[in-house]
Amino acid sequence: MSPNIALVLVAATLIGTGVYLLLARSIVRALVGFLLMGNGINILFMVSSGPAGEVPILGHGDGDRMADPIPQALVLTAIVITLAMVAFVLSLAHRAWQLGRDDLLEDDEESVRIHRRAEENDLSDESRDDADVIAAEFAEEDE
Amino acid sequence: MNDFSWMVPLPVVLPLVGAGINLAAVGRTRVQRLVSMSILTAVLAISVALLFAADQLGPQVVQVGGWAPAEGVVLIVDRLSALMVIVSTVVTMGVLRYSIGQGRSSFDNESDGHAPLPVFHPTMLVLSAGVSTTFISGDLFHMYVGFEMLLAASFVLLTLGGTEARVRAGVTYVFVSLLSSMMFLIAIAMIYAATGTVNLAILATRLDMIPDDTSVVLHVLLILGFCVKAAVFPMSGWLPDSYPTAPAPVTAVFAGLLTKVGVYALIRTQTLLFPDGTLNAVLMWAALLTMIVGILGAVTQDDIKRMLSFTLVSHIGYLLFGIALGSAAGVSAAIFYVLHHITIQTTLFLVTGLVERVGGTTASSHLGGLAKVSPLLGILFFVPAMNLAGIPPFSGFLGKVGLLQAGVEDGTWLALVLVIGSVVTSLLTLYAVARVWGRAFWGSAPQAEDGMTYTPARTGNGRAMGAGVVLPTVSLVAFGLGLTLVAGPLFDITDRAALDLLLREPYLLAVLGEGPR
C-alpha cells in the first residue's frame, strides 16, 4: 500500500499547527490546537485505510476492491470522544473566565515559592523559628 | 477452559449501570451510597473469581458481539489483568467509604460545603469502569477508549467545585492528558497503517513481519503516550502540579490508579508486542532519572500532599525498572510493586486528608505535635510511610528486594547502576517522610501567640477523627499490611503471570486459538 501523500501532508500540517497552539497559555487557543490535532489524526486514519474503494457492504458493489471499514469506525469513535472533551474544556475555559475574567493559565503558587527560594539560594527550613525555640529549651535543660 | 468468560465484561458493565442508576438518583444520597458500595463489592467478588479462573484455567476471553478478533473487540482477563482489577476495586471502595464517612456537608471545604456532591458517586463509578476497561481490553483502540473514559471522569473529579485553584490545576492536567491521548491515537493510526490491525494478539504476530526501523518508530510512539500517563521523567511535571489541589479522596484515588493504568499499558505492550527489548536501555535511563529527580523534588516540599505527589512520580521509576529489565523476575517484581504502590499511595493520601481534618492544613511548616494531638493519626501515617520507604518487614521492602534481585541477576552495568539508584531513592524516600514526620507529628503544636493555631476542618459527622473516615483508612492500612502477610502466595502468582507474559503463547492461544496464524 502506498500512502496518499496529499493526505499525509494535510495531517502533518494540522498536527504541527495543533501542537504549536497547544503550547499557548490561553485555554481557548490551546483548545483550538487540540481540535486541529484531533482532525489531523482523523485524516491520518484515512491514510491508514488505504485507497478509496467500493462501499464495504457485501453484495452492494460490482465486486471491485472494497474500502477498509475499520479505520472509519475508529475515526467515528475518535470524533465522538473529541466532541465530548471539547465540551468539557469549553466549560472549563468559561469557568476560568467567570472567576478571573481571563483564560490565561497561571503558574502554581507553591512551585513559584520554591523556585524563588532556589534562586535566592535559601536553604533554611521554613519552621526555623520552631527549631530555634526547641534548641533554646534544650540549652536551658543542659544548664 | 473458558467457563468463567461470562464474568469478563462485568467489571466494566456493572459500574456503568451503577453510574446510570446513581445519576437518576441524584439528591438521594442514601440510594447512591448503597448502589455504589454494592456494585463495587460485586465487582470485587467477580474479579477474585476471575483471578482464580485465570490462574487455574488460563486466560478468560470474550469476543464482544461474536465478532472474530480481526474485526471486533476482544476482552481478555489473565492473571495480570485480574490482579490489577482486584487492587483497583479495593482502593476505590476504600476511598468511597472514606468520602461517605466525610458526610455530605463536609465533603469540600473549599466551596463552603456546597460542592456538587451528587455527581461524585456516578463519576467515581465511571472512573472505575474506565480503569477496568483498560485492564481487560485485548485491543489497542479499545484501550484508548478506556483511557478516555477514565480521563473524562478524572477531569470532573479534579475540578469538583470549580474553584480558582482547581480550575488552574485542572487546565494543566486536562491538556497534558489530552496530548498523551493524541499521541496514543497517532500511534494507533500508524500501527494500523503498518499492520492492518489493532488487536493485541494479532499485532503480536504481525509486528515480527514488518521492518525493524518501522517497528521502532511505532514502539517509540506508543511508549511516549504511555509514559506521559505514567508520569515518567521528563514527562512527569504535570503530576505534582495538578494532584494536590483536589479534595483528599479524589487525590487518593488518582494517585492510586491513574498513573498505574499507564504502567499497566507499558507492561502489556512491552511484553506482548515488543518482546525483543530494543528500547530497554532507554527505559532504564528513564527509570533512573524518574526515581532520582522525583525524590529530590519530594525532599524540598513543605506541603505533605505535594511531597507525596513527588514520591509517587519517583516510585514509578521502580516499576519502569522492573519492566525494562525484561526478565521474568523483573516483570514479576514490577507487578508486585504496582499492587503495593497502588495501595500505599492511596492510603497515604487518605491519611493526609485526616491530617487536614485535624490540623486544618497540609503545610508541614504550619503543623506540629500531631502525634500528641492524635496518636492514632500518628500510627496511621507512620505505618504506610515506612511501607513506602521500604522498611522491613513491609511489602514495600519485599517489592524492592524483588526488584534489586532481578537487577543483580541481570548483571549488566546499567542494571547495577539502577540497583544503586533504587537504594539511594529508597533512602531519600525515608528522609522525605521522616522530615514530614519530624515537622508535622513531633514537636509542639503551634501556639496562639505564633499566630498559628489549629483550625479543625468543618466536620459533617462530628469529630475530625470520626469513625466514618478513620475506619476506611484503617482498613486500607490493614490491606497494605495484608500484602506483606500474603507476599509469598502473591509473589507465586506474579511469577506465573510474568512467565506467561514473557512466553506470550498462552495469551495468543486464548485469543487466536490453534492453527496457523
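Which residue forms a salt bridge with B:Arg168? Select B:Asp241: its closest O atom and the closest N atom of B:Arg168 are 3.5 Å apart. A salt bridge here is a side-chain nitrogen of Lys or Arg within 4 Å of a carboxyl oxygen of Asp or Glu. The pair links distant parts of the chain, with B:Arg168 in helix α6 of chain B and B:Asp241 in helix α9 (residues 238-242), 73 residues apart. Helices (H or I, at least four residues) and strands (E, at least two) are DSSP runs, numbered from the N terminus. Over all chains, the whole structure has eight salt bridges.

This is a predicted model, in which local features need pLDDT of at least 70 and side-chain atom pairs count only at pLDDT 80 or more, while totals for chains, interfaces and linings use all residues. Residues are numbered from 1 along each chain as its sequence is written, chains are lettered from A and ligands numbered from 1 in the order in which they are written, and side-chain values use heavy atoms, with hydrogens and water left out.

**The loop between α8 and α9**

Next, select B:Ala231, in the loop between α8 and α9 of chain B. Phi of B:Ala231 is near 60 degrees, a positive value in a residue other than glycine. B:Pro234 lies in the loop between α8 and α9 of chain B, and a cis peptide bond, with omega about 5 degrees, joins B:Phe233 to B:Pro234. Another cis peptide bond joins B:Pro392 and B:Pro393, again with omega about 5 degrees. B:Pro393 is found in the loop between α15 (375-389) and α16 (395-410) of chain B.

**The interface**

Now show both chains. Contact (heavy atoms within 4.5 Å) involves 41 residues of chain B and 39 residues of chain A. The two chains bury about 3500 Å² between them, 75% of it from carbon and sulfur atoms; buried area is the accessible area (1.4 Å probe) that two parts lose on being put together, summed over both. Select B:Phe175, B:Met182 and B:Tyr192, which supply 19% of the area that chain B buries against chain A, more than any other three residues.

Helices α5 (140-158), α6 (164-195) and α17 (413-441) of chain B each give at least two residues to the side that touches chain A. Helix α6(B) gives the most, 18 residues. There are zero salt bridges between chain B and chain A.

**The cavities**

A cavity is a set of points on a 1 Å grid over the protein atoms alone where a 1.4 Å probe fits but cannot get out, and lining residues have an atom within 4 Å of a point. A volume is the space filled by probe spheres set on the points.

The largest cavity has a volume of about 110 Å³. To find it, select its lining residues, among them B:Ala54, B:Asp78, B:Arg268 and B:Tyr507. Helix α19(B) gives the most to this lining, with three residues.

The second largest cavity, about 90 Å³ in volume, brings the tour back to α6(B), which supplies the largest share of the lining, four residues. Which helices of chain B each supply at least two residues of this lining? They are α5, α6 and α8 (212-230). Residues to select include B:Leu150, B:Tyr173, B:Ser177, B:Lys229 and B:Trp238.

Notes: 1 Å grid on protein atoms, 1.4 Å probe; cavity = no way out; pocket = protein on both sides within 12 Å on 5 of 7 lines; lining within 4 Å.
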